[in-house]
Amino acid sequence: MKIDRHNLKILEVLQTNARISNLNLADQIGLSESACLARVKKLTSEKFIREYQAEVNLDKVRHAEFYVNVALKRQDARTSESFRRAINKIEQIVSCVKMSGEFDYMLRFVCPDAGDFNRVSEQLLADEDAAITRMTSHLVIEKTKPFNGYPLELLFQE
């Protein structure tokens, strides 16, 4: 599927406002409603649009957010799979990325408070299946630049 300027604009608008009506989206893109809807369906079926989600405003609830760097004891497939199974059991870990460099993974925890984070992170460290050799944690003080979408125009340049 070719990502032309209309498809790119659809993706840009939807990543910041997934609740926009097809009529308003079509007006912003400069297409008819039916052409716009057909493009959105095609972008979805081709997996350019993975899902639609609501972002909960964490500022409205009691929470503590931590980014945690994790180094594993070994870098083999079995250890990585065991680590993934261990973290998938912990609901306070809301995302995980595999990294290059000094640490193997970065986890994002969202907990009710620092005490809960301490309890959960200690359990994770004690879990032999997680195979963690070292962990460093960083408390989020302020979101200085919240996520507002990907720089699609740059990513789709040829």
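Let's start with glutamate 81, which is partly exposed, at a relative accessible area of 36%. Its partner is arginine 85, and the side chains of these two meet in a salt bridge, 3.7 Å from N to O. Arginine 85 also counts as partly exposed, with 47% relative accessibility. Keep in mind that everything I show today comes from a predicted model.

Where do glutamate 81 and arginine 85 lie? Both sit in helix α4, residues 77-88, and they are 4 residues apart, which is about one turn of the helix.

Now let's look at another pair. Arginine 134 and glutamate 102 form a salt bridge through their side chains, at 3.0 Å from N to O. Arginine 134 belongs to strand β4, residues 132-139, while glutamate 102 is in the loop between β2 (93-98) and β3 (105-111), so this pair ties together parts that are 32 residues apart in sequence.

Arginine 50 and glutamate 51 make a salt bridge, and their closest N and O atoms are 3.4 Å apart. Arginine 50 is exposed, with a relative accessible area of 71%, whereas glutamate 51 is partly exposed at 41%.

How many salt bridges does the structure hold? There are 11. Some of the charged residues join up: Glu65, Arg108 and Lys143 are linked in a network of salt bridges.

Let's move on to the helices. When two helices pack, we describe them by the angle between their axes and the distance between those axes.

Take helix α2, residues 22-29, and helix α3, residues 33-45. They pack at an angle of about 100°, and their axes are 9 Å apart. That angle makes α2 roughly perpendicular to α3. On the α2 side we find Asn22, Leu23, Leu25 and Ala26, and they meet Glu33, Cys36, Leu37 and Val40 of α3. Sorted by class, the residues of this contact are 6 nonpolar, 1 polar and 1 charged.

Helix α3 has a contact with helix α1, residues 5-16, too. The axes of α1 and α3 come within 10 Å and cross at roughly 75°, and therefore these helices are roughly perpendicular to each other. From α1, the contact uses His6, Asn7, Ile10, Leu11 and Leu14, and from α3 it uses Cys36, Arg39, Val40 and Leu43. By class, that gives 6 nonpolar, 2 polar and 1 charged residues.

Terms used. Residues are numbered from 1 along each chain as its sequence is written. This is a predicted model: local features need pLDDT of at least 70, side-chain atom pairs count only at pLDDT 80 or more; totals for chains, interfaces and linings use all residues. Side-chain values use heavy atoms; hydrogens and water are left out. Axes are lines fitted to C-alpha atoms, for helices over the stretch in contact, and angles run from 0 to 180 degrees between N-to-C directions. Helices (H or I, at least four residues) and strands (E, at least two) are DSSP runs, numbered from the N terminus. Angles under 35 degrees count as roughly parallel, over 145 as roughly antiparallel, 65 to 115 as roughly perpendicular and the rest as oblique. Contact means heavy atoms within 4.5 Å. Ala, Val, Leu, Ile, Met, Phe, Trp, Tyr, Cys and Pro count as nonpolar, Asp, Glu, Lys and Arg as charged, and the others, Gly among them, as polar. A salt bridge is a side-chain nitrogen of Lys or Arg within 4 Å of a carboxyl oxygen of Asp or Glu. Buried means under 20% relative accessible area, exposed over 50%, partly exposed in between (1.4 Å probe, protein chains only).
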